[in-house]
Amino acid sequence: MYYKTKGYRLFSIFNYIFLGVLSLLCILPIIHILAVSFSSMAPASSNLVSFWPIGFTTDAYVKTFGNSNFINSLLVSVKRTVIATIIGMVIMLLTAFPLSKEDISFKGRSIYTWFFVFTILFSGGLIPSYILIQKLGLMDTIWALILPGALSVWNVILMMNFFRGLPKELEEAAYLDGAGHIKTLALVYVPLSMPAIATLSLFTMVGQWNSWFDGMIYMSDVKNYPLASLLQTIIVQQDLSKINVDPSMLENVSQRTVRAAQIFIGALPILLVYPFLQRFFVKGIVIGAVKE
Amino acid sequence: MQRNWSLHLMLVPAVLLAIIFQYIPMGGIVIAFQDFKPYLGFTESKWVGWDNFKYLFLYPDVGQVIWNTLVIAFFKIIAGLIAPFLFAVLLNEVRLVAFKRVSQTLVYLPHFLSWVILGGILLDILSPQGGMVNQLIVALGGQPIFFLGDGTWFRITLILSDVWKEFGFGTIVFLASLSGINPALYEAAEVDGANRFKQTLHITFPALMPITIVLMTLSIGNILNAGFDQVFNLYNPLVYDKGDIIDTFVYRLGILNGKMSFATAVGLFKSVVATILIVISYRLAYKLANYRVF
């Protein structure tokens, strides 16, 4: 066998080392930030911390959670993520079901399909969308963050392909028993599609949690900023004018540890759902992406 | 036949959302042909015909911005294809299931973090004043590099950090194709005396070709997308000359400087070119690899 040859063994050793190093590169920066966030001021600001906290302290977290803007934004983000995911999933299911029908049994299917697909190909762009949100009076409301993205055509396509893979006989049986389309969707299709629905709702949740741009342009009051937008402002742009910084905050905590703590809190929900996410998504993606 | 009115009914919310949030903004494109003033609105603002587009090609920075976009997107696409391809092939050689699983878990992770989080992390570790990466460079006897403050380094950072974020996730489709290869092919090659390298060359690579061609053709449609999220979270005025892309340019001009008509014209130009490219790339993917999305 090939793997017993000397050359292959040598390759194998290097391969393990190489892949191991690459894998670590994906996690070490996050561990570094975590270590900085738990370190005390002096070692953190003189760049002594690598992957383990020096002078362990939770001051940075205490200060972060003591900031009312931060708590506010955290709540906006949670609210947004929950509402948007529920609405998004309901609309996705309602849309994917009719579109998964054959052209013969549902006339107009291809017209609807092109109507939706065209929105992926072409869009009005940033400025007209911004003007629209203004005119609709959605500025500074959570709906400006939820409604424009409530219909994800990509998710609809994935869900539609999943529906098409389900056995037709079940549907026919449901119709024979007198169920209408809506009942069939709710009682036959949805229960059978839980793996796909779970994958897509987790993706939607991650997307909503991570969204920052819409919050920045549609919210003029920093109170309405979702967490990702707030973090963008204070960590990336380092613009502290928008938040009320307590001067005592800067006394015994370094800005660097506070920033690190905020970055970590921003990433935490993703890190927490990730193990569940990972179990599902490989299958979920392959369903829709690779058709051979 | 069942009654189909309920099918139409189910589509009502999606149709309404698409009309309001997708099709109505398409109508808003008219401001590209106006000298739009928000207080005058669509009807009262002055019509200027193609002036904004003429201005577009005369505006001093636009050529550079388009060039930046193309260069950054091109290298991201190439690197973003090669890295997951090779990683998947190498990972396929790993027989320790636990190692494989841990490695996959780690490399997929950055894909799920936003550029705000990763941008924050990169700002910290790439800092010329004692960021981790520069500490390492200095320890190895080099000079500290101002990654995010020098145009050329900025582009390199964009490309490498994009590969870092996405290469793991990109391996999924390649690994899926690899798992579809019939093991009998390898056994036959073994009997014929092919070593592992030859087997990889003559069985694994050809097996990955269809999906690689699909990804390559589909990427044509993305050549004007150099990644707003990433650039916006990493750039600063020092690197506008080499790092400003169409999307960031539109944002700065349109939202920050209030040149709404001009920014919309730039956006429309991008949108039209992108649509044409996407249609071409989907046709090509269908022709070359029989790939269909819907």
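Mentor: Contact means heavy atoms within 4.5 Å. This is a predicted model, in which local features need pLDDT of at least 70 and side-chain atom pairs count only at pLDDT 80 or more, while totals for chains, interfaces and linings use all residues. Residues are numbered from 1 along each chain as its sequence is written, chains are lettered from A in the order in which they are written, and side-chain values use heavy atoms, with hydrogens and water left out.

Trainee: Which residues does Leu151(A) touch, not counting residues up to four places away in sequence?

Mentor: In chain A the partners of Leu151(A) are Ile91(A), Thr95(A), Phe116(A) and Val156(A); in chain B they are Ala14(B), Leu17(B) and Ala18(B).

Trainee: How is a nonpolar core to be read, and which residues have the most contacts inside the largest one?

Mentor: In soluble globular proteins, nonpolar side chains tend to be buried together. Buried means under 20% relative accessible area, exposed over 50%, and partly exposed in between (1.4 Å probe, protein chains only). A nonpolar core is a set of buried Ala, Val, Leu, Ile, Met, Phe, Trp, Tyr and Cys residues joined through side-chain atoms within 4.5 Å. The largest one here has 159 residues, and Phe116(A), Leu151(A), Met159(A) and Phe163(A) have the most contacts inside it. Apart from it lies another core, of seven residues, including Phe122(A), Ala32(B), Phe53(B) and Leu268(B).

Trainee: How many helices and strands are there in chain A?

Mentor: Helices (H or I, at least four residues) and strands (E, at least two) are DSSP runs, numbered from the N terminus. Chain A has 15 helices and zero strands. The radius of gyration is taken over C-alpha atoms, and the globule rule is 2.2 Å times the number of residues to the power 0.38. For the 292 residues of chain A the rule gives 19 Å; the radius of gyration is 25 Å, well over that, so the chain is more spread out than a compact globule. Its C-alpha trace spans about 75 × 70 × 35 Å along the principal axes.

Trainee: What are the corresponding values for chain B?

Mentor: Chain B has 14 helices and two strands. Its radius of gyration is 24 Å, well over the 19 Å that the rule gives for 294 residues, so chain B is more spread out than a compact globule. Buried residues make up 50% of chain B, and 51% of chain A.

Trainee: Where does Leu74(A) lie, and is it buried or partly exposed?

Mentor: Leu74(A) is in helix H4 (residues 68–99) of chain A. With a relative accessible area of 21%, Leu74(A) is partly exposed. It touches Phe65(A), Trp209(A) and Leu227(A), leaving aside residues up to four places away in sequence. Leu227(A) is 153 residues from Leu74(A) along the chain, yet their C-alpha atoms are separated by 5.2 Å.

Trainee: What is phi of Asn47(A) and of Asp140(A)?

Mentor: Phi of Asn47(A) is near 60°, and that of Asp140(A) is near 65°. Each is a positive value in a residue other than glycine. Asn47(A) lies in the loop between helix H2 (41–45) and helix H3 (59–66) of chain A, and counts as buried at 18% relative accessibility. Asp140(A) is in the loop between helix H6 (126–135) and helix H7 (143–146), and is partly exposed, at 26%.
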